[in-house]
Amino acid sequence: MTYTTKSGDMWDSIAHMQLGNVNYVHLLIRANKEYRKYYIFPSGIVLTLPEISRRVSETMPPWKQKQHTERNL
């Protein structure tokens, strides 16, 4: 998948909004090394969104497992 930046986007906000967690910034940057020097993006740059493997804990209640899985599709 890809994401096209809007003026003012930053790595952390893109990771949070598109990947679900700011902690995935390093994966986002790794997938888009040619843009690593950007801090604040102009509009129109097409970034590759990395695949994020999300494990659902078996100790999580079943109703929450379903919600967690659906949200992360």
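**Rings and core**

Guide: This is a predicted model. Start with Tyr-38, which is partly exposed, with a relative accessible area of 34%.

Visitor: Why is Tyr-38 called partly exposed?

Guide: Buried means under 20%, and exposed means over 50%. Tyr-38 has 34%, so Tyr-38 is partly exposed.

Visitor: What makes Tyr-35 partly exposed?

Guide: Its relative accessible area is 21%. The cut-off for buried is under 20%, so Tyr-35 counts as partly exposed.

Visitor: How many aromatic pairs are there in the whole structure?

Guide: A search finds three. One of them joins Trp-11 and Phe-41.

Visitor: Why is the pair of Trp-11 and Phe-41 called edge-to-face?

Guide: The ring centres are 4.9 Å apart, and pairing needs them within 6.5 Å.

Visitor: Why is the pair of Tyr-35 and Tyr-38 called tilted?

Guide: Their centres are 6.1 Å apart, with planes at 50 degrees. Stacked is under 30 and edge-to-face is over 60, so this pair is tilted. Trp-11, Tyr-35, Tyr-38 and Phe-41 form one aromatic cluster.

Visitor: Which residues make up the largest nonpolar core?

Guide: There are twelve, including Trp-11, Phe-41 and Ile-52. Helix α1 gives the most, with four residues.

How values were computed:
Residues numbered from 1 in each chain as written. Predicted model: local features only at pLDDT ≥ 70, side-chain atom pairs only at ≥ 80, totals over all residues. Heavy atoms only, no water. Core = buried A, V, L, I, M, F, W, Y, C linked by side-chain atoms within 4.5 Å. Buried < 20%, exposed > 50% of the residue type's maximum accessible area, 1.4 Å probe, protein only. Helix = DSSP H or I, 4+ residues; strand = E, 2+ residues; numbered from the N terminus. Phe/Tyr/Trp six-rings, centres within 6.5 Å; stacked < 30°, edge-to-face > 60°.
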